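Reader: I would like to learn how to read the features of a protein model with some care, starting from the general idea each time. Could you take me through one?

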Amino acid sequence: MPMVRFGSRLLLVLLVCIFAATAQDSPASPAQSAVSPKDAQAVAPAQNGDGIPSSALTLTDVIDRVVQREHYFMAQMRHMHPLVETYLQDLKTDRDENTIPVNDQYFLGRLDMSEAGEDVSFVGQPGFGHRMFAKLTGVYSLHYLPMGFAQMVVLDTDFQKRYYKFNFVRREFLGEVRCLVIDVQPRESERTARFLGRIWVEDQDYNIVRFNGTYSPQPRINFFFHFDSWRLNLRPGTWLPAYVYTEESNLKTGLTKTLHFKAQTRLWGYDLKGLAKNEEFTQILVDSPQSVTDQSEAASDATPIVAERMWEKQAEENAIERMQKIGLLAPPGDVDKLLATVVNNLLITNNIDLQSDFHCRVLLTSPLESFTIGHTIVISRGLLDVLPDEASLAMVLAHELSHIVLGHRFDTKLAFNDKLFFPDEESFQRLDFKRSAADEEAADAKAVELLKNSPYKDKLGNAGLFLKALQQKSHDLPKLIRPHLGNGFAGGKNVRMASLIASAPALDEKRLDQIAALPLGGRIKVDPWSDQVELSKAKPVALTSAREKMEFEITPFFPYLTRLSAGGAEKVALTTSSQSSQSSPK
Ligand SMILES: [Zn+2]
């Protein structure tokens, strides 16, 4: 897709006005012929400023509004800098005709559509710059450009009626939002690659809320993938990209090579201002360095031991604040409380008094990892998603809690504020919460002891089963299992809490009642605007075949779309479960 860039938002608004004027003034303009014969048919109730339906709209009117909204959307996106994460699984078909992941890829970056349209990568390749675009190594560099996935949040950087043919299909509800379903095809004369597929347009403000298809024509040396791209109503009147599902089952990329993969792209961290609530405070520190001195003087009045604790606390709080500001960590919320309940169960049944409080927080990324920062236990969204039950969760938390109980050293360099002045994309290099092998071993041993006294003691077979499945998949899903900030879970010979594996039953992939791990994306919902997380309310579905177990796998997205009322901007209801909700034609 060529990126058509506008010098400024002003110019863009101007173009929209000109376009709108042209469409109104000359109803017989060539653009009109782009609309199918069904044009004559009224497709949507028009609404005046008060939202009261007036006369019916024709498809031409609808398309005019959609085009106008899409240009407004593009203008908005140039000011948005969400995090974009793509997790991709390469697939192969096994002897039983089941597709199984055999390799994976992971990209995390910040989307910047303001100028060059490049993402800034957080997972930079060693020895390369942090610009993702052309710096990836490995066999997939030809095919998987992260920017290619980020691109799929945009239908067309210059969406115009004259480039396309439109065909009204039907009305359909996506969640509670009534949509017009319209097929979109580039006109034969179009040489530039443009969107080919279907769009869902909500029938109140005519925003595109979903589009599904590819770009066409295909270029000779690169490939456009097929994608299903979803937007959520994150602010009143504003629909922003949240999920893209990509899949290719038989894409020929040369004489011998065929691409077979599926990928999930997620966007979050739109509300940078809200996430950076501490901005003002940081600014004061920068302007007057003595405020740092003031704090250390206060500490010097404390006893040496208290001073040491305060120092560690300061390092912990600095790291947490920074990670939240970048959008890596969810703000404190209900999921944290649920995790804390499990930790409390472990503490109480083991008669442990920590002497100070502890916290649990959710890392928003997919790779399976957990670590501690001082007295804060951090667990990734991906890991929370795939853990099969509470006993397995207790197993993960028990290991981290053990680091705290055993008083393992925590690098306090982050207590110095200058250590936090680094570009966001260096986060994974600068923030490092890895433990020594000796600490890991000690924490494993302590965790087993804690679990044996806990309410989870009779259910540890499931936890062992999860570790077994993880160990089995570690070869095929290295990127999912590779941690970015803490210690690895499995991989190579070392598996965390290996002693639990010995007591676990044998893995049986065919058994429907043995669930060793869940698919990604089923448990934790992220609000892409505020980064708040909550547990999915979708009820578990009974599996009909072993194929549906999809342990550690990714699935398509079917969010339950809701519309924000002007007054209810605080709460965004969304569902990411692929199984809980389906669109229902009306
Ligand atoms: Zn550890």
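Author: We begin with burial: a residue is buried when its relative accessible area is under 20%, exposed when that area is over 50%, and partly exposed in between, with a 1.4 Å probe and protein chains only. By that rule, 53% of the 586 residues of the protein count as buried. This is a predicted model, in which local features need pLDDT of at least 70 and side-chain atom pairs count only at pLDDT 80 or more, while totals for chains, interfaces and linings use all residues. Residues are numbered from 1 along each chain as its sequence is written, and side-chain values use heavy atoms, with hydrogens and water left out.

Reader: How many helices and strands does the secondary structure of the protein come to?

Author: Helices (H or I, at least four residues) and strands (E, at least two) are DSSP runs numbered from the N terminus, and the protein has 15 helices and 18 strands.

Reader: What should I look for in contacts that join residues at least 24 apart?

Author: A contact means heavy atoms within 4.5 Å. Among contacts between residues at least 6 apart in sequence, 66% join residues at least 24 apart. Beyond its neighbours within four places in sequence, leucine 480 is in contact with Tyr87, Asp104, Ser366, Pro367, Leu368, Leu520 and Phe552, and leucine 480 is buried, with a relative accessible area of 1%.

Reader: Is aspartate 385 buried or exposed?

Author: Aspartate 385 is buried, because its relative accessible area is 1%. Its place is in helix 9 (residues 381-386), and, not counting residues up to four places away in sequence, aspartate 385 touches Leu518, Pro519, Leu520, Gly521, Gly522, Arg523 and Ile524.

Reader: Which residues have the most contacts inside the largest nonpolar core?

Author: A nonpolar core is a set of buried Ala, Val, Leu, Ile, Met, Phe, Trp, Tyr and Cys residues joined through side-chain atoms within 4.5 Å. The largest has 83 residues, and Met323, Phe433, Phe466 and Phe552 have the most contacts inside it. Helix 10 (residues 390-405) gives the most to this core, with nine residues. Apart from that core lies another, of 64 residues, among them Ile63, Met77, Leu240 and Tyr243.

Reader: Where is glutamine 355 found, and what is its phi?

Author: Glutamine 355 is found in the loop between helix 8 (334-349) and strand 13 (359-363), and has a positive phi of about 70° although it is not a glycine. At 62% relative accessibility, glutamine 355 counts as exposed.
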